[in-house]
Amino acid sequence: MEDKRANGDATTCNGHSKEKDVRVWCDGCYDMVHFGHANSLRQAKALGDKVIVGIHTDEEITKHKGPPVFTEEERVKMVKGIKWVDEVVLGAPYVTTLEVLDQNNCDFCVHGDDITMTAEGVDTYHLVKSANRYKEVRRTAGVSTTDLVGRMLLLTRNHFRQGSAEYDIEKEVNILKRQIKSHPGSSNMGQDSAAKSPWTGCSQFLPTTQKIIQFSDGKSPNPGDKIVYVAGAFDLFHVGHLDFLEKASKLGDYLIVGLHTDPVVNSYKGSNYPIMNLHERVLSVLACKFVNEVVIGAPYCVTEELLEHFKIDVVCHGRTPIALENGKSDPYAVPKTRAIFELIDSGNEMTTERIVERIISHRLEYERRNQAKEKKEIEAFEALQRQKQTQKAG
């Protein structure tokens, strides 16, 4: 995969014609890349042969919507790690032009069915829409960067409720009251039922078996394949996870990731962790190009039964501390006894906790950013509704 700058030298397919690969252009901030971004790119891939992703620079994002959580280098790496992406272009303009499509030999642009706007309130896709070189895919309901930032800032725990309230991610009343009291007029951060935006105001995420099938490659290991197993929370899937999984994948032919349940993660992480619930974490990990299979709700202790069932040859863990089960048992005792346990140094210092620290240290900036974003989205939505009513009346 190539990493290029969005200029005249970025062309990669000489003599491109309609008989050859259909090249699809997608662009955006791709800040805090989550399964919603991945699902959009999966849908884009279904419309063509190659997906080329343009990523805005930190400077462009700051100008139009406020500071990004991740740097452009981190965002490029995350997008490259998504299994449906073929090429990445850093420096894509905030307003998608016909020139950028032509420079990258792309047939058309694909985006979700939400509206994105410049700081001046201009639809960023108006040029490609006018030229009929724009296609729309369905936005993934129930998740947005705004929502995830809100979970971190408000320290809510209800995204991993169980039982009848499992899929209800309305904000807890006491937290809402405390927030309003501490920060009058502060943003709803897109995650509760009072959030007004029709696009980033999230009420729920409903997982389905079909969605898991769409994200899974559905391939079993071949006879003789060396099978590698890793396990953890993989919360707020980030560049540290990506680097770790890439190194783990190189130790064998088939990589299985075990994901711990929300109560298990909370038992060793505390506070309101995990930020993303198990269903969300499954899709985030499945979207990674280094991962072949995911065990949903894997046991915290790697057992003989698990090793035998999946025919595991190597068990890996990163350099992060390993919490003992119930404060007593080493969860990796069995693979260590079998001499199939390896520690991996990903070379990346990023952790989920560091992401939360970034958010909290810039709390007011992110709240202002999200308030402005929500205001623009509401205005655009209302204008769209008025336009539809006028067309109906006419």
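The largest pocket of this predicted model has a volume of about 790 Å³. A pocket here is an open set of points on a 1 Å grid over the protein atoms alone, with protein on both sides within 12 Å along at least five of seven lines, and lining residues have an atom within 4 Å of a point. The grid points are joined across faces, edges and corners, and the volume is the space filled by probe spheres set on them. The pocket is lined by 34 residues, and those closest to its centre are His241, Lys269, His317, Thr320 and Pro321. Strand 7 (227–232), helix 9 (239–249), helix 10 (262–269) and helix 14 each give at least two residues to this lining. Helices (H or I, at least four residues) and strands (E, at least two) are DSSP runs, numbered from the N terminus. Sorted by class, the lining of the largest pocket holds 15 nonpolar, 12 polar and 7 charged residues. Ala, Val, Leu, Ile, Met, Phe, Trp, Tyr, Cys and Pro count as nonpolar, Asp, Glu, Lys and Arg as charged, and the others, Gly among them, as polar.

Residues are numbered from 1 along each chain as its sequence is written. Local features need pLDDT of at least 70 and side-chain atom pairs count only at pLDDT 80 or more, while totals for chains, interfaces and linings use all residues; side-chain values use heavy atoms, with hydrogens and water left out.

Two strands pair if DSSP finds at least two bridges between them. Strand 8 (residues 254–259) is joined to strand 9 by 4 bridges, and the two run parallel. Isoleucine 256 stands opposite glutamate 293 in strand 9.

Another parallel pair is made by strand 2 (residues 23–28) and strand 3, joined by 6 bridges. Here aspartate 27 has glycine 54 of strand 3 as its bridge partner. Strand 3 (residues 50–55) is mostly covered, with 5 of its 6 residues buried. Buried means under 20% relative accessible area, exposed over 50%, and partly exposed in between (1.4 Å probe, protein chains only). In helix 6 (residues 145–154), 10 of the 10 residues are buried, so this helix is largely enclosed by the rest of the structure. Among these buried residues are Asp147 and Arg151.

A cavity is a set of grid points where a 1.4 Å probe fits but cannot get out. The second largest cavity has a volume of about 100 Å³. It is lined by 13 residues, of which Val33, Ile82, Phe237, Ser284 and Ala287 lie nearest its centre. Helix 1 (35–45) and helix 11 (278–286) are the elements that give two or more residues to this lining. By class, the lining of the second largest cavity has 10 nonpolar, 3 polar and no charged residues.

Which charged side chains meet? A salt bridge is a side-chain nitrogen of Lys or Arg within 4 Å of a carboxyl oxygen of Asp or Glu, and the count comes to 14 salt bridges. In one of them, arginine 358 meets glutamate 74 at 2.9 Å, N to O. This pair links helix 14 (residues 352–361), which holds arginine 358, with helix 3 (residues 72–80), which holds glutamate 74, and the two residues are 284 residues apart. Arginine 358 is partly exposed at 25% relative accessible area, whereas glutamate 74 is buried at 15%.

Arginine 133 and aspartate 102 also form a salt bridge, at 3.1 Å, N to O. Arginine 133 lies in the loop between helix 5 (126–130) and strand 6 (134–137) and aspartate 102 in helix 4 (residues 98–103), so the pair ties together parts that are 31 residues apart in sequence.

Glutamate 308 forms a salt bridge with arginine 338, with the closest N and O atoms 2.8 Å apart. Glutamate 308 is in helix 12 (residues 304–309), and arginine 338 is in the loop between helix 13 (333–337) and strand 11 (341–343). Salt bridges that share partners join Glu304, Glu308 and Arg338 into one network.
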